[in-house]
Amino acid sequence: MEIRKVGVVGAGQMGNGIAHVMAAAGFDVLLNDISEEALEKGLATITKNMQRGVDRGKMDQADMDAALARIATTQKLPDLGETDLVIESATERETVKQAIFEDLVPHLQPHTILTSNTSSISITRLASRTDRPEKFMGFHFMNPVPIMQLVELIRGIATDKPTYDTCLGVVEKLGKTAASSEDFPAFIVNRILMPMINEAVYTLYEGVGGVTSIDTSMKLGTNHPMGPLELADFIGLDTCLAIMNVLHDGLADTKYRPCPLLTKYVEAGWLGRKTGRGFYDYRGETPVPTR
Ligand code: NAD
């Protein structure tokens, strides 16, 4: 099936990145958010990031103008009914995602493929609440979307082959690489990454090391480009906690229990870079560890 128009739900850090790469690859994009401010901020981020690409000689000005012209925004979810593929990238909360799919389904064309950029929630369960479980799958981008090469494609129990092949074709058109994952909690990348981040928070919580020691150890000791706490701030601590809860609930194993210190940061609203404070304080010129 040919995909021409892509709907993106949620214009946050992932949604605007998805709209960016889709438009740059020639797809028409309709970007939706409940917040007008998020849509404005999302478009501003896309423009800034594309301009950086032009300044570095990675993109022509004419291509940037054409890509931006392919992006429209809307606060009305039913407008996405005219798209061929929807990528839901709203807040990582199952009730939020379920409500979005419930509201969207009556407006969709029969051929439209529904996907979610969820980091961890069951694709099979999300799909079962729609009218098209066979045309539903996980389309999981990495952050930052314009830079990261991988897309995890997750098949729910009912996902059919034409749907998978169509999404694989979209990933190839984006110039990215797909990895196929079965539908188990947090899939592949986060099944491995999040317990490591959670363990780093436990290491901080138990006083084994401070923020700087932990991040320096993992950067210089294991050649990771970012320390786990810096990475957690980058991802968003609310998202990290949500994924740990999905692993804990879904696999029913205490080894996945979220660290109480992670919960405390989220309760404080210290969600990382996006709120200006997490394991580091970003409000000054250089990030300062908060512990
Ligand atoms: P974010 O908080 O930056 O953005 C979420 C956006 O969703 C917000 O703009 C919010 O206004 C919007 N939203 C909330 N409810 C909505 C609704 N009913 N309709 C439309 N928009 C709504 O979050 P994010 O980091 O962009 O994460 C989005 C999704 O991407 C989550 O499912 C997350 O697990 C996944 N994801 C995140 C990362 C990451 O590193 N942050 C990586 C891969 C996947």
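Predicted model: local features only at pLDDT ≥ 70, side-chain atom pairs only at ≥ 80, totals over all residues.

User: At what angle do helix α2 and helix α3 pack?

Analyst: Residues are numbered from 1 along each chain as its sequence is written, and side-chain values use heavy atoms, with hydrogens and water left out. Helices (H or I, at least four residues) and strands (E, at least two) are DSSP runs numbered from the N terminus, while axes are lines fitted to C-alpha atoms, for helices over the stretch in contact, with angles from 0 to 180 degrees between N-to-C directions. For α2 (residues 36-55) and α3 (residues 61-69), the axes are 9 Å apart and the angle is about 160°.

User: How are α2 and α3 oriented to each other, roughly?

Analyst: Angles under 35 degrees count as roughly parallel, over 145 as roughly antiparallel, 65 to 115 as roughly perpendicular and the rest as oblique. The angle here is about 160°. That makes α2 and α3 roughly antiparallel.

User: By class, which residues make up the contact of α2 with α3?

Analyst: Contact means heavy atoms within 4.5 Å. On α2 the residues are I46, T47, M50, Q51 and V54, and on α3 they are Q61, M64, A67 and L68. Ala, Val, Leu, Ile, Met, Phe, Trp, Tyr, Cys and Pro count as nonpolar, Asp, Glu, Lys and Arg as charged, and the others, Gly among them, as polar. The tally is six nonpolar, three polar and no charged residues.

User: And α9 with α10: how are they oriented to each other?

Analyst: Helix α9 (residues 228-235) packs on α10 (residues 237-251) with the axes 6 Å apart and an angle of about 100°. The contact uses A232, D233 and I235 of α9 plus L237, T239 and C240 of α10. Given that angle, the two helices are roughly perpendicular.

User: Is N117 buried or exposed?

Analyst: N117 sits in the loop between β5 (113-116) and α5 (123-128). Beyond four places in sequence, N117 touches M14, I18, I87, E88, S89, F139, H140 and F141. Buried means under 20% relative accessible area, exposed over 50%, partly exposed in between (1.4 Å probe, protein chains only). With a relative accessible area of 6%, N117 is buried.

User: Which side chain has a polar contact with that of H140?

Analyst: H140 belongs to strand β6 (residues 136-141) and is buried at 4% relative accessibility. A polar contact is a pair of N or O atoms within 3.5 Å; within protein, one must be able to donate a hydrogen and the other to accept it, and residues adjacent in sequence count only if both atoms are side-chain atoms. At 2.8 Å, the partner side chain is E152.

User: Which peptide bond is cis, with omega near 0°?

Analyst: Most peptide bonds are trans. P144, in the loop between β6 and β7 (150-155), is part of a cis one. The bond runs from N143 to P144.

User: What is phi of F187, a residue other than glycine?

Analyst: Most residues other than glycine have a negative phi. F187 lies in the loop between β8 (177-182) and α7 (189-205), and is buried at 5% relative accessible area. Its phi is positive, near 60°.
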